Amino acid sequence: MENLTAQLLHKLPPPLWNSNTRFLTSFTCNPNLISTSSFPRSLPLSLDCSAEDPPQSTSLLSDIHHHRFLNSLPRRLSHPGSCPLRLLQEDGDWSKDQLFAVIRFLRHSSKLHEILPVFDAWKKLGPSRINEANYEKIIRLLCAERSINEAVQALQAMIDDHEINPSLEIYNSIIHGYANDGKFEEAMLYLNQMKDNGVLPETETYDGLIEGYGKWQMYDEIVLCVKRMEAEGCVRDHVTYNLLVREFARGGLLKRMERMYQSLMSRKMTLEPVTLVSMLEAYAEFGVLEKMEETYDKILRFGICLDEGLVRRLASVYIDNLMFSRLDDLGRGIRRSDLAWCLRGLCHACLVSRKGLDYLVKEMEEARVPWSTTFANIVLLAYSKMGDFKSVELLLFELQRRRGVKLDLVTVGIVFDLSEAGFDGTAVFMRWKKNGFLDKPVEMKTDPLVHAAFGEGQFLRTCKEVMKQSLKESKSLTYQYLLEVVVKNNKKTET
């Protein structure tokens, strides 16, 4: 019979790389990078207990009844006014997997405060249920959900009421939970308690403290923690080194980050992909161009996908350094999206390459990629930079015909500023007035990278001041209103 009991927490994936290799050997493109150091080295927490607590009857009929009853529990708990303690009393007893089905429901329903009372009532129904394994599951779950007070309450009951010695995993969960909340005095209290009870801390214990110190930007404490860890005989492994590189990277401590990275590589330990990404973020944040490019090339080589936020930061560094050709490489290195076409369009527009722009437009047509507001404005700005007013006019007419492309305030600003520079935009504004576009609420759909590359024109700069005032007054703005305000301001400036 297929096991119908769903797991609450997913198991860890198998190791991606051989720990004896110096660099990453392979990596499947995944936008959500997973760091193994964010998880315990011990067995993953699972609330599926069917394997260790099988149904008492082996008959097919009993098995079917067991699973039907199991599946009915969440439905019964969903009824208004339902109480898990009352349900337990009515049913008489639950098997272990039925208990954890209830606990899963309480967790997903954000009723974490009810978990411990239910567990306490259930374990009283059988003395054999009062054991380390059951307590470990409950405590680890509560710590994972940041219910540290309830977890400590369970720990104290385990020690004081039942004289059960907590395992290393239980202590680690408590210590890491407090560290994650920034309560390091409490974390150290339980670290000392575990040693007093004869449970020796391991490298994983200190890794959780390091991660907590990093989260709360306590970098000197990280160094002291590492020294204490080594003094206690816990050796830094690849998880610790990757963790240290990441925490120093997030804190902007580039020298320390690089030292840890060199130590990791010289020991031929596994380099986690998320560690490389953290280093890239640090270099991009501080505009360290050469090392940023070196790290990015490694990431490309190993097929790691970057999130759009980081791609934008890299693009900003290239734009600040006038390295527009690298925008095309950056756009090709990510999945095809509006951002990818934006980057490649900016490359050719900033380099004033009509040939490159035409080729890109043709490539988009062949791939049947519709134009976005951002891409349309990039092409308009490119033609403006070339001084090709005829192409600007033709494109504006074409954009009006293409109903899928929505114009925005940037489009209006381009035409207005060009009119000040000699372009006859009267016909364009008359068409916009006729079709009702100017009476629509103002929208800004253009990617901010366009402003970073081309700057903001005079029209947009003036509009921003007006829009700030309107936000205070909760006033709705139209394109027509902004145009009138800007024209009035220009006349005042002239006089």
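Because the model is predicted, local features need pLDDT of at least 70 and side-chain atom pairs count only at pLDDT 80 or more, while totals for chains, interfaces and linings use all residues. Residues are numbered from 1 along each chain as its sequence is written, and side-chain values use heavy atoms, with hydrogens and water left out.

The chain turns out to have 25 helices and zero strands; helices (H or I, at least four residues) and strands (E, at least two) are DSSP runs, numbered from the N terminus. Of its 495 residues, 48% count as buried, that is, under 20% relative accessible area with a 1.4 Å probe and protein chains only. Take the contacts (heavy atoms within 4.5 Å) between residues at least 6 apart in sequence: 68% of them join residues at least 24 apart.

Helix α13 (residues 273–285) and helix α15 (residues 308–320) sit with their axes 9 Å apart, at an angle of about 35°. Axes here are lines fitted to C-alpha atoms over the stretch in contact, and angles run from 0 to 180 degrees between N-to-C directions. The crossing is left-handed, so the near helix is turned anticlockwise from the far one by less than a right angle. On the α13 side, V277, L280, E281, A284 and E285 meet L310, R313, L314 and V317 of α15. Sorted by class, that contact has six nonpolar, no polar and three charged residues; Ala, Val, Leu, Ile, Met, Phe, Trp, Tyr, Cys and Pro count as nonpolar, Asp, Glu, Lys and Arg as charged, and the others, Gly among them, as polar.

Searching the whole structure turns up one cavity of 30 Å³ or more. A cavity is a set of points on a 1 Å grid over the protein atoms alone where a 1.4 Å probe fits but cannot get out, and lining residues have an atom within 4 Å of a point. The largest cavity has a volume of about 40 Å³, meaning the space filled by probe spheres set on the points, which are joined across faces, edges and corners. D338, W341, C342, M364, V369, P370, W371, S372 and F375 line it. Helix α17 (residues 338–350) gives the most to this lining, with three residues.

Finally, V450 lies in helix α23 (residues 448–454). V450 is buried, at a relative accessible area of 1%. Beyond its neighbours within four places in sequence, V450 touches L346, T374, I378, L381 and G455.

How values were computed: 1 Å grid on protein atoms, 1.4 Å probe; cavity = no way out; pocket = protein on both sides within 12 Å on 5 of 7 lines; lining within 4 Å. Buried < 20%, exposed > 50% of the residue type's maximum accessible area, 1.4 Å probe, protein only.
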